[in-house]
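Here is a short note to read beside the model. Please keep the sequence and the 3D view open and take the points in order.

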Amino acid sequence: MIKEFSLYFLAAFFEILGCYSFWVYFKLGKSYWFLALGVLSLIAFAYVLTKVNLEFAGRAYAVYGGIYIVSSLLWLYFVEKQEFNRWDLIGSSLCILGVFVILFGNQKV
């Protein structure tokens, strides 16, 4: 299970880095090298997400969605240096609860 969560968080890191690279280029006017970083990061994201051990892509994406939300808030805090508010914490907690329901509810016994 730790390997699975590690893959999800790694995929989220690459997706957020990729999208943030486009954000930095288009919104902040940084170097076009950020576009290249964005493309490479999004390719890495897609590849890593295929390595999770779930039978169906849709279920993998549903679990990933909750991890992505939490990862986005971690990015907000560590990269963009913004504090969480109570709504961030409540919403991300609900998402993680949903992740566990999907993951453990679909375990084969």
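**Notes on the predicted model**

1. **Surface.** The protein chain exposes about 7,300 Å². Carbon and sulfur atoms supply 69% of that area. Keep in mind that this is a predicted model.

2. **Overall build.** Start with the secondary structure. The protein chain has 4 helices and 0 strands. Read from the N terminus, the order of elements is α-α-α-α. The C-alpha trace spans about 50 × 35 × 20 Å along its principal axes.

3. **Burial and contacts.** The protein chain has 109 residues, and 28% of them count as buried. Now take the contacts with a separation of 6 or more. Residues 24 or more positions apart account for 65% of these contacts.

4. **The core.** Which residues touch the most other members of the largest nonpolar core? They are Tyr8, Ala11, Leu49, Val52, Tyr64 and Val99, in a core of 15 residues. Helix 1 (2-28), helix 2 (33-49), helix 3 and helix 4 each give two or more residues to this core. Helix 1 gives the most, with 5 residues.

5. **Valine 99.** Pick out one core member and look around it. Leaving aside residues up to four places away in sequence, valine 99 touches Phe5, Val63, Gly66 and Ile67. Valine 99 is also among the core residues that touch the most other members.

6. **Serine 41.** Is serine 41 buried or exposed? Serine 41 counts as buried, because its relative accessibility is 4% and the cut-off for buried is under 20%. Serine 41 lies in helix 2. Its contacts, not counting residues up to four places away in sequence, are Phe14, Leu17 and Gly18.

7. **A nonpolar patch outside.** Turn to the surface again. Phe9, Leu74, Tyr77, Phe78, Val79, Phe84 and Leu89 form a nonpolar patch there. Together these residues have about 590 Å² of accessible area. Helix 3 (residues 57-78) gives the most to the patch, with 3 residues.

8. **Phenylalanine 84.** Phenylalanine 84 has a relative accessible area of 31%, so it is partly exposed. That value also matters for the patch, because patch residues need over 30% relative accessible area.

9. **Glutamate 83.** Glutamate 83 is found in the loop between helix 3 and helix 4 as well. Its relative accessibility is 62%, so glutamate 83 counts as exposed. Not counting residues up to four places away in sequence, glutamate 83 touches Leu76, Tyr77 and Asp88. One of these, Tyr77, belongs to the nonpolar patch. Check a distance too: the C-alpha atoms of glutamate 83 and leucine 73 are separated by 9.1 Å. Those two residues are 10 residues apart along the chain.

10. **Lysine 81.** Stay in the loop between helix 3 and helix 4, where lysine 81 lies. Lysine 81 counts as exposed, because its relative accessibility is 62%. Look at its backbone. Most residues other than glycine have a negative phi. Phi of lysine 81 is near 60°, a positive value in a residue other than glycine.

11. **Cysteines.** How many disulfides does the structure hold? The structure holds 0 disulfides. A disulfide is a covalent bond between the sulfur atoms of two cysteines. A disulfide pair needs its sulfur atoms within 2.5 Å. Cysteine 19 is partly exposed, with a relative accessible area of 36%. Cysteine 95 is partly exposed too, with a relative accessible area of 24%.

12. **Asparagine 106.** Finish in the segment after helix 4, which is the place of asparagine 106. Asparagine 106 counts as partly exposed, at 36% relative accessibility. Leaving out residues up to four places away in sequence, asparagine 106 touches Arg59 and Val101. The C-alpha atoms of asparagine 106 and alanine 12 are separated by 22 Å. Along the chain, these two are 94 residues apart.

Note on methods:
Residues numbered from 1 in each chain as written. Predicted model: local features only at pLDDT ≥ 70, side-chain atom pairs only at ≥ 80, totals over all residues. Heavy atoms only, no water. Patch = residues over 30% accessible without salt bridge, like charges linked within 9 Å, V, L, I, M, F, W, Y side chains within 5 Å. Areas by Shrake-Rupley, 256 points an atom, 1.4 Å probe, with all protein chains shown as cover. Salt bridge = Lys/Arg side-chain N within 4 Å of Asp/Glu carboxyl O. Buried < 20%, exposed > 50% of the residue type's maximum accessible area, 1.4 Å probe, protein only. Core = buried A, V, L, I, M, F, W, Y, C linked by side-chain atoms within 4.5 Å. Contact = heavy atoms within 4.5 Å.
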